[in-house]
Each structure stands twice: as C-alpha cells, then as structure tokens.
Amino acid sequence: MRHLRTVVGLALTAVMLFPVYWMINVSFTRDGAMRKSPPDLFPVDGTLDGYRAVLDQQLPYLGTSLIVGLGTVVLTLLLAAPAAYSLAWLRPRGGGVLSFVLLIAQMIPGIIMAMGFYAVFLSAGVLNTVPGLIVADSTLAVPFAVLVLTTFMTGIPEELLQAARVDGAGAVRTFVSVVLPVSRNSIVTVSLFAFLWAWSDFVFASTLDQGGDHQPITLGIYHYIGNNNQDWNAIMATAVVASVPATVLLVIAQRYVAAGVTAGAVKD
C-alpha cells in the first residue's frame, strides 16, 4: 500500500510539473521544430537563441523587478512589524477593528485597487515610476504580513518581554532587541511572500507603469509576446529565467517558511 501511494504521488507530481518541463523544453527548441507533430519530448538539436535574446533584451526588466521586489519587502517590514507588535502586545484602542479591516483589505480585487492608485498617483506625479510600484505592491503584502506577524508575536513568552522591562528597556528597545530576533521565521516568511507578490505582479504594473522607463519583467514578457509572437523559444526562455530568482529564494527560505507559517498555531 505504501508503494502504491508513492507511485500515485510521483505520478501526480509529474503531471503538475509537466508544464514547467515543457516550458524548459520549448526554450531550447528551434523555431522550425515548434509545430512538429508529434512534438519532441526532448530538445533534439536544441538552440540557445532564446537565452541570447533574454540577455540582449530582458535584463533591464529583470533588474527593475528585483528593485521593486526588494523595495516592497523593505517597505512591508517597516510598516507591518511595528503594527504587529502594537496589536500583539501594546493593545491599542480599536486594535480588533484594525485587524478586521486588514482582513477585509485582502479581499479587495487588485484591479479595483489599481484604478484607485492610478488617480492618486497621477495627482502625486508618481505614475510610471518604480517607487509608485513599490508602494502599490506593498498594499498587497502589508495586511498579510501584519496578520502573520501578529499571530506569531502573540505567542512570544511574556517572560521575555518582562525581563526586558526589568532591564530598563522601553517599548521600542524591547521591539528591536527582543521581539524582532525571536520573530525571525515569521519575518522571513512574510518577506518571501512580499517579494513573490511584487515579482509576479502584472495588474499594478500594467496599470501604473505601462509607459514608464523602468518596467518589471511581467511587462517585459507581455511586450515580448506582443512583438515576437512567433519566437516561442525566446518567450519560454524569458519565463525560465524569470522563474529562477523565485525558485532560489524558495529553496533557501524553505526551512524558515515551514516554521513561520505554523507559528502561533499552538501554544505551550
């Protein structure tokens, strides 16, 4: 029975990962073999032309996405970590209402938020700019980050905070020296999700940065498909390269994410 479950699991995994494999396969396939019937399951007589096109045309888009992703992480943590600490331990008036509002904020469709941002950014002069994209992407990550960090920080033993107060630490010093180091796993978790949301965002990018000088990789792929709809190996090569940073981050942060997403679920 155990072997049967293993076989079924491997088969289901292969089915789910097949689109990823096919993307890689097509990225090495020559244009003349794209419509071959039946198609080659392996890149016979493969080519690197698609990856050369990525290096020639897509690197600026990748650089912009990296800046937007890292900026979103920084802004999210700057806003979410103090807010979560306040909700978890300082017990501000109206904290329950704020938590409910943050939960509701995650249910608002992105396109609705994008249209609201468009009017605001146009008036503020930050339309088609990287800082504008960072602010917009952070609005998706901050509510999630506050809820996750609040749940974790609520589970921090009160004795640790009391010990800090006995040593003369105020609320800010306790937050910086005690709460943040203990919350490492949850911080890594929300940072990873914030980066991935910013990296894969298309709605905000297409609405708020369509005419900007610095555009993210999602727009790079979109424009590339529009201009080169026959060069599928180059399109798939771009998709493969765009997937590498997210994959590397997931592999590196896997241990912290596994601990962070279950933090606060149970108490000793």
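This is a predicted model: local features need pLDDT of at least 70, side-chain atom pairs count only at pLDDT 80 or more; totals for chains, interfaces and linings use all residues.

Reply: In H6, a kink of about 35° lies at threonine 139, shortly before proline 143.

Me: What makes 35° at threonine 139 a bend in H6?

Reply: The bend is the angle between two fitted axes, one for the seven residues ending at a residue and one for the seven starting there. At threonine 139 that angle is about 35°.

Me: How do you know that the end-to-end distance of helix H6 agrees with its number of residues?

Reply: Helix H6 covers residues 130-154, which is 25 residues. At 1.5 Å a residue they should span 36 Å, and the end C-alpha atoms are 35 Å apart, so the two values agree.

Me: What makes threonine 129 a cap of H6?

Reply: A side-chain oxygen of threonine 129 lies 3.2 Å from the backbone nitrogen of glycine 132, at the N-terminal end of H6. The cut-off for a polar contact is 3.5 Å, so a pair at 3.2 Å counts.

Me: Why is asparagine 25 called buried?

Reply: Its relative accessibility is 3%. Buried means under 20%, so asparagine 25 qualifies. Asparagine 25 sits in helix H1, residues 2-27. Beyond its neighbours within four places in sequence, asparagine 25 is in contact with Asp40, Leu41, Phe42 and Pro43.

Me: How many helices and strands does the protein chain have, and what share of its residues is buried?

Reply: The chain has 12 helices and 0 strands. Of its 268 residues, 37% are buried.

Terms used
Residues are numbered from 1 along each chain as its sequence is written. Side-chain values use heavy atoms; hydrogens and water are left out. Helices (H or I, at least four residues) and strands (E, at least two) are DSSP runs, numbered from the N terminus. The expected span of a helix is 1.5 Å times one less than its number of residues. A polar contact is a pair of N or O atoms within 3.5 Å; within protein, one must be able to donate a hydrogen and the other to accept it, and residues adjacent in sequence count only if both atoms are side-chain atoms. Buried means under 20% relative accessible area, exposed over 50%, partly exposed in between (1.4 Å probe, protein chains only). Contact means heavy atoms within 4.5 Å.
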